[in-house]
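Welcome to a short tour of a single protein chain. Have the sequence and the model side by side as you read.

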Amino acid sequence: QALPWRDASFDAAFSMFGLMFFPDRAAGFAQLHRVVRVGGVGAVTSWVPLDRVPPLFAIVNALVNATSTPGSEAPPPFRPALADAGDCIAEMSAAGFSGVTCRETSFGYEAPSTASLWAHAQRAMAPVALAKLRHGERWPALSARILAELENKLGAGPQHVEMTALLTRGERRS
């Protein structure tokens, strides 16, 4: 949110799945705009909501189910910032970028089993990795409960995960 480079230092600048987590996204977009020269390009990527990625959505739900205390109210569904093309365009435009466009791009990967998908999630999905650290020695039992829920919901076999990102691009014209 406070880049160390002088104004108009770059022909292009980007934030790959970072700006969506900034506490002050407007400041992040403004800094991106500031360091790009006139005629240069800024680009920002963010993820679509998890409910559009069913296996990952199932993982988050199973995590919440396993780690919530009985009788407590479930947290509201997590919706990442910049998860909608309209929001992406509006926020980048507000920072001064012109001709802002946003498009979806997807890639898929295959997990050989639900168990391997869950093992990967414990290393690569921040909420899961943090829960694993937070629950310490309780984690193996919680992990087994989560895997059982996932296999019940998704089956034990191979899993296809289609990840969709929003790619937002704008030009600095002044």
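What share of the contacts in the chain with a separation of 6 or more comes from residues 24 or more positions apart? The share is 83%. Please keep in mind that this is a predicted model.

**The chain as a whole**

Six helices and four strands make up the secondary structure. Read from the N terminus, the order is β-α-β-α-α-β-α-α-α-β. Along the principal axes, the C-alpha atoms fill a box of roughly 55 × 30 × 25 Å. Of the 174 residues in the chain, 37% are buried. The accessible surface is about 9700 Å², and carbon and sulfur atoms hold 58% of that area. As for charge, the chain carries 16 positive and 15 negative side chains, and the centres of these two sets are 5 Å apart.

W5 counts as partly exposed because its relative accessibility is 43%. Together with L3 and F10, W5 forms a nonpolar patch on the surface, and the accessible area of the three comes to about 260 Å².

A8 is also in the segment before β1. Most residues other than glycine have a negative phi. A8, which is not a glycine, has a positive phi of about 55 degrees. With a relative accessible area of 41%, A8 is partly exposed. Leaving aside residues up to four places away in sequence, A8 touches R34, V35, V36, R37 and R172. The C-alpha atoms of A8 and H33 are 8.4 Å from each other, and the two residues are 25 residues apart along the chain.

F17, another residue that is not a glycine, has a positive phi of about 55 degrees. F17 sits in the loop between β1 and α1 (25-35) and is partly exposed, at 26% relative accessible area.

Is T168 buried or exposed? T168 is buried, because its relative accessibility is 1%, and buried means under 20%. T168 belongs to strand β4, residues 159-171. Not counting residues up to four places away in sequence, its contacts are G42, A43, V44, C88, I89, M92, V100, T101 and C102.

**Salt bridges**

Side chains of opposite charge can pair when their charged atoms come close.

| Salt bridge | N to O distance |
|---|---|
| D7 and R34 | 2.8 Å |
| R52 and E104 | 2.8 Å |
| R173 and E171 | 3.6 Å |

D7 forms its salt bridge with R34. D7 lies in the segment before β1 and R34 in helix α1, so this pair ties together parts that are 27 residues apart in sequence.

R52 pairs with E104 in a salt bridge. Here R52 is in the loop between β2 (36-47) and α2 (54-67), while E104 is in strand β3 (residues 98-111), so the pair links parts 52 residues apart in sequence. R52 is partly exposed, with a relative accessible area of 42%, and E104 is partly exposed at 43%.

The side chains of R173 and E171 also meet in a salt bridge. R173 is exposed, at 51% relative accessible area, whereas E171 is partly exposed, at 25%. Through salt bridges that share partners, R169, E171 and R173 are joined into one network.

Notes: Residues numbered from 1 in each chain as written. Predicted model: local features only at pLDDT ≥ 70, side-chain atom pairs only at ≥ 80, totals over all residues. Heavy atoms only, no water. Helix = DSSP H or I, 4+ residues; strand = E, 2+ residues; numbered from the N terminus. Buried < 20%, exposed > 50% of the residue type's maximum accessible area, 1.4 Å probe, protein only. Contact = heavy atoms within 4.5 Å. Areas by Shrake-Rupley, 256 points an atom, 1.4 Å probe, with all protein chains shown as cover. Lys, Arg positive; Asp, Glu negative; His and termini not counted. Charge placed at Lys NZ, Arg CZ, Asp CG, Glu CD. Patch = residues over 30% accessible without salt bridge, like charges linked within 9 Å, V, L, I, M, F, W, Y side chains within 5 Å. Salt bridge = Lys/Arg side-chain N within 4 Å of Asp/Glu carboxyl O.
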